[in-house]
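Here are some notes to go with the structure below. Please keep the model open while reading the points in turn.

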Amino acid sequence: MKSRDFSGRDRSLAAAAVWSLWWAASCADPGQGGAPPSADTAKASADVVLFDVPKGGDAAGDGTADSPGADGSPSDSGSAGDGGAGGLAILTFEVDDSANKTFADGEIVWTGSFSWDSKTNTVVYATSWLPTDGPYPALYDDGAFSKGGHEREGATKGDHIFSTQVLFHASADTTIEYGALNELGNWMWIGPNGQVPIAKGKTGVVAFPGIKIAKHGAIDLKVALDTAKLNAKMAKWNLKDFAFYIKGSMNMWTPIQLLDDGQKGDEKAGDGVLTYQHKLNLGKHDGGLNAGDEAQFVFVTTQGDQLPDAGQEYKGATEAYKDGIAAWTNTGAAGAWAAAEVVLAKDSKGKFLNTAVKVPKPTGTSCEPNCPCSPACAVNEDCQNGKCVAKTPVCSPACAADQTCEAGKCVAKAPACQPACKPGESCDAGKCVAKVPTCEPTCKAGEACVEGKCTAPQSKPTVLAVDPSKGTTLGGDAVTVSGSALAADAKVWFGATLASAVQVDASGKSLNCKTPPHAAGLVDVSVHNGDGGKAVLPQGFSYQMPPKPTVVLGAVPADGLVAAGGSLTLTAHVTIAGVTSAPGVTPDLTVAIGLGPVGADPVAQSGSFSWKAANYAEKDGDAEKFSAQLSVGAPGSYQAVAKASWKAEVALSAGATLTAVDPKDLPATLTGVEPAFAAAAGGAVVLATGTNLPASAVAVFTPTVGPAKPASAVKAVVGGLELTVPALPLGLAQLTIATASNKPIGAALPFHAVAVATPAVDGVIGTDWPAGAVGTAQNGVATSWGAGKNELKTLWIAFDKTHLYLGIAGTVEAANAIVAYLDVDYGATTGVAGPLQLQDNSGAVDDAIASAAKGAEAGLGLDFAMATLGMASFDGADLSKSTAAGWRGLQKPSDFAWLAGTVKAGAGAVEASIALKTLYPQGVPAGGAELRVVVVLGNANGAAISNQFLPEQVGQPDAVTWTKTLAIKVVALP
């Protein structure tokens with residue numbers, strides 16, 4: 001069928017499923033605009049990237065980008081401070097964060113029933129608030145437009161009140177709804193959506209009421225969901241198959257995953273009850289609650305790799321379920337937890353009811369930190385802040401004289417100092433350090449001891465927190481001390497030891513330093529200003545023994561045999577609890593692998609080993625993998641050992657015995673295949689590498705789908721076996737090598753049959769796409785848009801040395817478009833997750849690409865797209881003519897690159913090609929790249945999506961989401 005006219009950026013049809021999910025959470029994804037796009041350019045070579053070639057093909061211009069006037073207003077619309085010159089109203093909006101001061105410039109976005117043009121700073125009315133109707137203006141605290149900032153006129157820079165002003169042409173009576181998002185795109189508006197009516201012809205300033213973010217309170221909240229008591233309509237939810245999240249107004253609708261593990265507020269592991277404790281899950285802008293606050297929330301579940309935003313909410317058609325939910329606030333007597341009623345409250349749109357808790361006033365006063373325990377604690381418990389906790393375990397039997405008891409374990413005492421420390425020094429962790437100077441006699445009341453002298457302090461610093469609050473006894477950990485009135489000459493003491501590298505922030509509210517070495521245990525953290533002002537945070541830092549590394553030797557031959565006089569690559573997996581699991585390479589970690597005599601001690605007889613420094617290879621779970629290539633000596637037996645050193649801690653792996661023999665006596669081994677790919681049509685010659693592979697060996701290729709096929713012309717050569725590859729189905733196959741008696745040699749090797757072909761790009765899919773040389777993705781779903789008019793049938797894809805080729809059997813009418821999306825490096829961190837993140841609507845092709853379709857495939861990042869509107873063609877020569885068909889780069893989601901590439905449409909097919917150097921500017925990666933393709937059929941501006949995709953979709957969550965793409969391996973052909 002023909003699609004309706006979607007002029008005016010109407011996204012209300014096919015995107016309805018996406019929109020309903022978005023609003024049901026009472027929050028939204030941001031559509032923020034970035035910097036203004038680059039200037040339009042008329043002339044370019046085939047490899048030059050252009051942005052935003054104007055509609056109609058007119059690429060001429062003066063080579064300058066559109067820019068604001070000197071006062072920050074649009075240069076063609078009058079000054080932002082002129083009361084709305086040219087019949088424009090000035091709309092202003094602000095958010096007051098002066099109570100908490102957690103936001104920075106650009107981290108708050110004004111969103112609403114409008115879309116914003118960042119070039120002219122104008123907004124137009126739009127009925128929906130989808131991210132694709134953005135971008136939306138961000139708020140700043142950098143001063144008024146007329147003074148070079150982004151704020152409304154009259155705003156004060158640096159007051160933590162963030163604002164903006166935009167221009168609006170009131171061509172009709174209009175009521176604009178609005179709210180605010182944080183930098184993560186989460187809903188932060190408080191209460192119902194704002195609404196401001198604007199009369200036709202209105203000029204001057206229209207101030208949209210903003211919000212003042214209340215100062216964070218001291219009240220905590222707990223919410224629990226009992227999965228055994230769920231509403232019957234959600235009975236399928238279980239902890240085995242589903243992941244559970246909670247989000248709410250108390251944390252700006254940020255999804256927080258809940259685990260039944262007894263950690264981070266969860267009361268008990270494995271009881272089927274998931275508990276969220278607010279103060280243990282605070283984000284950058286979150287804080288405690290105040291009496292009278294209404295904390296709205298909703299639970300969400302996901303399956304597999306599904307993201308929380310696409311998950312299922314614990315709601316019915318119009319309201320959330322309360323079954324199985326309980327809540328508490330710490331507003332009981334003496335700060336105890338008190339049950340709170342779970343109620344239903346209207347969301348910001350006033351159409352749905354969310355679960356909510358109204359925070360009551362605390363009962364009595366808090367007794368922290370010395371709340372009594374009632375009933376009294378057991379003999380093996382202590383009372384801490386109103387709760388009975390297990391006593392610190394004692395050591396039994398008693399520790400030796402050179403040990404001390406810590407957490408129930410005997411550990412070595414801090415080393416003594418040799419020689420003895422000088423006067424004025426103390427021994428700390430085996431090192432002599434300066435003592436904190438004392439005053440004799442004791443100072444008078446109101447005086448402080450500064451460098452051994454009594455003085456009347458002029459400043460009154462405070463120390464509120466140390467972050468992080470724990471580190472190793474080795475010292476050298478970077479920490480931030482927060483407080484007030486911290487002087488530039490401040491010194492920091494951890495216990496009785498002076499910290500180093502002290503740097504005080506100009507605000508006097510924080511300082512950075514490095515911890516000194518110290519024995520294990522809690523120490524006071526004190527700051528001493530030069531004038532005698534002093535502040536102490538009792539037991540503010542915990543010194544802990546550093547974790548010891550463990551190391552495991554790997555890649556040792558199973559039979560222990562190696563070639564004498566050759567080389568051997570071994571690996572080492574190093575794990576340091578809580579350290580190597582962090583992103584990046586662990587600082588100060590060094591690894592070596594050595595060969596030495598069997599039975600020799602790698603420590604006491606280290607000199608008898610030939611050590612080789614190992615190089616970092618990769619993260620492997622919580623471990624880090626290192627490798628080293630070692631030289632093997634004369635025939636005989638050797639011991640291989642790996643050694644890891646970190647922060648003065650050394651660990652050794654278990655030794656492995658290796659036997660070096662003459663290379664000709666080694667058993668046959670299979671190590672690889674070069675190259676590990678060939679054209680699916682067959683006929684290529686590859687080398688199976690290994691040692692002592694017999695000429696009588698049998699090589700077989702087993703594809704993922706279809707029968708196994710033997711290689712031909714197997715021939716023994718230097719380095720292995722030379723093989724001729726048979727014709728194979730496109731995709732992954734396994735190469736196995738066996739003896740003539742069918743005994744396998746080594747493990748099977750992965751091998752890729754790749755789509756190599758050079759079809760003519762003429763709009764006709766014929767014999768130039770040879771069967772067996774390329775793969776196809778069929779579509780068996782009947783079109784609902786009119787057979788023979790708007791449908792997708794088959795997708796073909798191939799490449800040669802220079803180009804990538806697409807063939808799409810199908811057709812569309814003039815008002816519709818076929819769009820192909822490409823992820824050229826699947827699994828990397830490049831590209832956008834789906835078309836909903838694309839915001840460039842400046843041209844017809846760009847408009848069709850920035851569609852309402854969604855990708856729900858983990859790891860997918862779209863990098864390029866090709867589109868044809870109404871079966872239009874483009875020859876790739878003159879980019880200004882790429883208005884109804886062409887290729888686009890998606891590196892700037894709001895400003896697509898116009899790329900040289902051919903699109904040719906025929907009677908029932910579209911063929912396209914693009915240079916590989918455009919897709920891979922640095923060349924196709926060594927070892928190849930996995931390329932993913934999906935084809936979408938939609939209307940001309942992408943608002944409506946048909947029921948057909950290529951490849952055919954199975955298990956779609958809704959009518960606009962794809963869950964499957966066609967994958968091929970792209971390699972650099974010789």
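1. A salt bridge is a side-chain nitrogen of Lys or Arg within 4 Å of a carboxyl oxygen of Asp or Glu. Lys247, Glu313 and Lys315 are linked in a network of such bridges. By this rule the count comes to 15 salt bridges.

2. On the source: this is a predicted model, in which local features need pLDDT of at least 70 and side-chain atom pairs count only at pLDDT 80 or more, while totals for chains, interfaces and linings use all residues. Residues are numbered from 1 along each chain as its sequence is written, and side-chain values use heavy atoms, with hydrogens and water left out.

3. Confidence comes next. pLDDT is the predictor's confidence in each residue, from 0 to 100. The chain averages 83, and 83% of the residues score at least 70. The lowest confidence is in helix H1 (residues 16-24), with a mean of 30, and the highest is in strand S62 (residues 864-869), at 98. Helices (H or I, at least four residues) and strands (E, at least two) are DSSP runs, numbered from the N terminus.

4. Over residues 1-86 the pLDDT stays under 50, and the model has 194 contacts there beyond four places in sequence. A contact means heavy atoms within 4.5 Å. Residues 365-370 also have a pLDDT below 50, with five contacts beyond near neighbours in sequence. Where pLDDT is low, the predicted coordinates should not be read in detail.

5. The closest N and O atoms of the pair are 2.4 Å apart. Buried means under 20% relative accessible area, exposed over 50%, and partly exposed in between (1.4 Å probe, protein chains only). Glutamate 267 counts as exposed because its relative accessibility is 54%; lysine 222, at 7%, is buried.

6. Lysine 358 and glutamate 294 form another salt bridge, with the closest N and O atoms 3.0 Å apart. Lysine 358 lies in strand S20 (residues 353-358) and glutamate 294 in strand S15 (residues 294-302), 64 residues apart. Lysine 358 is exposed at 53%, and glutamate 294 is partly exposed at 32%.

7. Next, a sheet. Four strands form an open sheet in the order S29-S31-S35-S34, with antiparallel pairing. Strands count as paired if DSSP finds at least two bridges between them. Strand S29 (462-467) and strand S34 (500-504) are at the edges with a single partner strand each, so one side of each has no neighbour in the sheet. S34 is joined to strand S35 (residues 510-514) by three bridges, and valine 504 stands opposite leucine 511 in S35.

8. What residues have the most contacts inside the largest nonpolar core? They are Leu804, Ile808, Leu822, Trp887, Tyr920, Leu931 and Val935, in a core of 46 residues. Such a core is a set of buried Ala, Val, Leu, Ile, Met, Phe, Trp, Tyr and Cys residues joined through side-chain atoms within 4.5 Å. Strand S67 (residues 929-939) gives the largest share, five residues. Apart from this core lies another, of 35 residues, among them Ile108, Val123, Ile211 and Tyr245.
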